[in-house]
Amino acid sequence: MNALACIAACLTVLLAVAGPAAAQSLAPTTGHTLAATCTSCHGPGGRSPGAMPSINGRSEAEIAKTMHEFKDDSRPATVMNRHAKGFSDGEIAAIAKEVASWR
Amino acid sequence: MAMKRRTFVGAIAAAAILPAVAVRAQAPAKARVVVIGGGFGGTTAAKFLRLEDPGIAVTLVEPKAEFHTCPASNYVIGGFRKLADIVQDYSALAGRHGVRHVREAAVAIDPASKTVRLSGGQTLAYDKLVLSPGVDMRWGDIEGYDEAASATMPHAWHAGPQTALLRRQLEAMPDGGVVALSIPGLPYRCPPGPYERISLIAHYLKMAKPRSKILALDGKDAFSKQALFQDGWAELYKDMIEWVPLGQDGKIVEVVPGEMTLVSEFGQRHKAAVANVIPPQFAGNIARESGLADKAGQFEGWCPIDPFTFESTLAKDVYVIGDAANGGVMPKSGFSASSEAKAVARHIASLVAGRTPDLPVYINTCYSLVAPDYGISVADVFRPTKDGIVATPGAGGLSPRHPPDAAAFRHHEAEYAYGWYASMSQDIWG
């Protein structure tokens, strides 16, 4: 790297506001955050206006059980099996608690 | 302060917000957040910031009163939905959620003074800025393809009049004509979108103009959901569709609108009855002109972000979401934008409340129709790492290629595609 390029690179580093936020500087993922995207398909508050199943009014236990069944492919699914495999058991518990709290 | 108050009251009058909301909004705000862009990302951010904390004053800067969604715009092109079916508006955002909608364009962002200048000359001050400007076309990248050319050869990659134009051209073309598409290399908005469009144009032609052909000229050698699309094309449309990859001289480098001709890299000239030219794209003008996009390198024109927060790496307190951001492996989709927006809303609300923000998770769920009753999907759970955003291993992916009852599976996924649209519309604009 020539001197000019080095100066440009150093300036770029100095001008950048900060490196990426370190994962450890953030709190553990909450159920609120994990479940936030459920409503995109299942509707606000889990009340679906269309063909997607509503998930409002289901108990924490039912949601957790269903998610685990999707995760281990013991329940037929089109897309939820692919989603459920992306979450740890702890995360599934947090999602179930959050969704069951929706009124 | 006096200046700010005048500006604030003036904008409320201009936006004609309901009195009840105006009274509530006059209480001192905990923070002022300005959101630029009323698409999937910006609208979600504005609404969910208010749901997270009604004490945050949120201003949405979006010149349009109505928004035509790109998702489902291929249904209009395929002739089984009307343009009116894909319109969303901002009435619930202002009336129900107390978001101030300023119907002007943002013309400049100054991260140093933390202000946004509007097309009317007014300046908005912010504590945090959420920038969701979508994409603009790289006019001239394909020689001869500028905004004027798009009146003859529509891109239809911003939904609305361009969508209607492409539909009218398909209706007007003779049976036996060639519909040519020019498709760019990555990255661009909605990776599977061109292939859903090919499918739904084929669906229309098969019924109305069965002697016609589709010539898909591609600037790459592989594409999103490729095997699923190509299985569907073989099953439903036989030899109506010809896809020409980059390696077979698929890349279009020039167009001649007056002659309805597309010219390839190696000089092949393709004449078409209808030409849908989807040009290369980059982050919306406001992002690039405000110095928030990379100026060189592989992601020139796109906005670099911190994968943990979507905060710009080029400006503090500016969060760039949606198609304009370089989200790495996250596809540029409406669902991704909305997921990023919810994470950013939560992050900002946590900072305002003095909480340590929690580690985000981002999701994408994207349906494509190969025919009105034949759907396919891709889904992923994304996590931020110091090396960028990654898809959670062992999860997500495509619809199975050979499910036990394939016809029923594709039918279900088509129903869910329509359900996705209904839910997304309410979740974002409702």
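User: How many cavities of 30 Å³ or more does the structure hold?

Analyst: This is a predicted model, in which local features need pLDDT of at least 70 and side-chain atom pairs count only at pLDDT 80 or more, while totals for chains, interfaces and linings use all residues. Residues are numbered from 1 along each chain as its sequence is written, chains are lettered from A and ligands numbered from 1 in the order in which they are written, and side-chain values use heavy atoms, with hydrogens and water left out. A cavity is a set of points, on a 1 Å grid over the protein atoms alone, where a 1.4 Å probe fits but cannot get out, and its lining residues have an atom within 4 Å of a point; points are joined across faces, edges and corners, and the volume is the space filled by probe spheres set on them. Of 30 Å³ or more, the number of cavities in the structure is two.

User: How many charged residues are in the lining of the second largest cavity?

Analyst: About 50 Å³ of space lies in this second cavity, and among the residues lining it are Asp323(B), Lys332(B) and Glu340(B). Asp, Glu, Lys and Arg count as charged, Ala, Val, Leu, Ile, Met, Phe, Trp, Tyr, Cys and Pro as nonpolar, and the others, Gly among them, as polar. By class, the lining has four nonpolar and four polar residues, and the charged residues number three.

Note on methods. On a 1 Å grid over the protein atoms alone, a cavity is a set of points where a 1.4 Å probe fits but cannot get out, and a pocket is an open set with protein on both sides within 12 Å along at least five of seven lines; lining residues have an atom within 4 Å of a point.
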